[in-house]
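I opened a new page for this protein.

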Amino acid sequence: MANLDLRDGAIDRAEARLAKLRKSAPESPQVLELQGNVAAQKGHFADAAVAYDAALKQLPSSGLVTKSVLAQQRAGNPKAALATLQAR
């Protein structure tokens with residue numbers, strides 16, 4: 001539901017849903033990915049990259065690699081983006 005909220009531009013609603021999820025499963029890779037999605041939507045790309053990287057450690061996927069690399073690039077850290085690509 002929170003991802004649908006983000007798609008619809010309802011960032012506040014997505015953040016409220018995320019807060020509830022973080023209480024029940026703070027280290028869940030899905031919750032961490034959602035945290036990254038919310039941060040990226042708000043333009044907080046460094047925070048998004050941290051969340052995506054944490055999710056990647058638990059649940060490697062090409063989608064998370066892509067999100068992490070894009071967030072790292074947008075955060076102004078192309079070296080980290082390249083390192084993430086090379087590590088996968």
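**Charges.** For this count, Lys and Arg are positive and Asp and Glu are negative, while His and the chain ends are left out. The model I am looking at is predicted. I found 12 positive and 8 negative side chains in the protein. The centres of the two sets lie 2 Å apart.

**Salt bridges.** I asked how many salt bridges there are. The count comes to three.

I looked up Arg 7 and Asp 8 first. Their side chains form a salt bridge, with N to O at 3.5 Å. Asp 8 is exposed at 55% relative accessible area. Arg 7 is exposed too, at 62%.

Next I took Lys 42 and Glu 15, whose closest N and O atoms are 2.7 Å apart in a salt bridge. Lys 42 sits in the loop between helices H3 and H4 and Glu 15 in helix H2, so this pair ties together parts 27 residues apart in sequence. Lys 42 is partly exposed at 38%, and Glu 15 is partly exposed at 27%.

Then I checked Lys 67 and Glu 33, which meet in a salt bridge at 2.7 Å, N to O. Lys 67 belongs to helix H5 and Glu 33 to helix H3, so the pair links parts 34 residues apart in sequence. Lys 67 is partly exposed at 27%; Glu 33 is partly exposed at 24%.

**Fold.** I counted six helices and zero strands. The radius of gyration is 12 Å, close to the 12 Å that the globule rule gives for 88 residues, so the protein is as compact as a globular protein of that length. I noted that 33% of the 88 residues count as buried.

Technical notes. Residues are numbered from 1 along each chain as its sequence is written. This is a predicted model: local features need pLDDT of at least 70, side-chain atom pairs count only at pLDDT 80 or more; totals for chains, interfaces and linings use all residues. Side-chain values use heavy atoms; hydrogens and water are left out. Helices (H or I, at least four residues) and strands (E, at least two) are DSSP runs, numbered from the N terminus. The radius of gyration is taken over C-alpha atoms; the globule rule is 2.2 Å times the number of residues to the power 0.38. Buried means under 20% relative accessible area, exposed over 50%, partly exposed in between (1.4 Å probe, protein chains only). The place of a charge is taken as NZ of Lys, CZ of Arg, CG of Asp or CD of Glu. A salt bridge is a side-chain nitrogen of Lys or Arg within 4 Å of a carboxyl oxygen of Asp or Glu.
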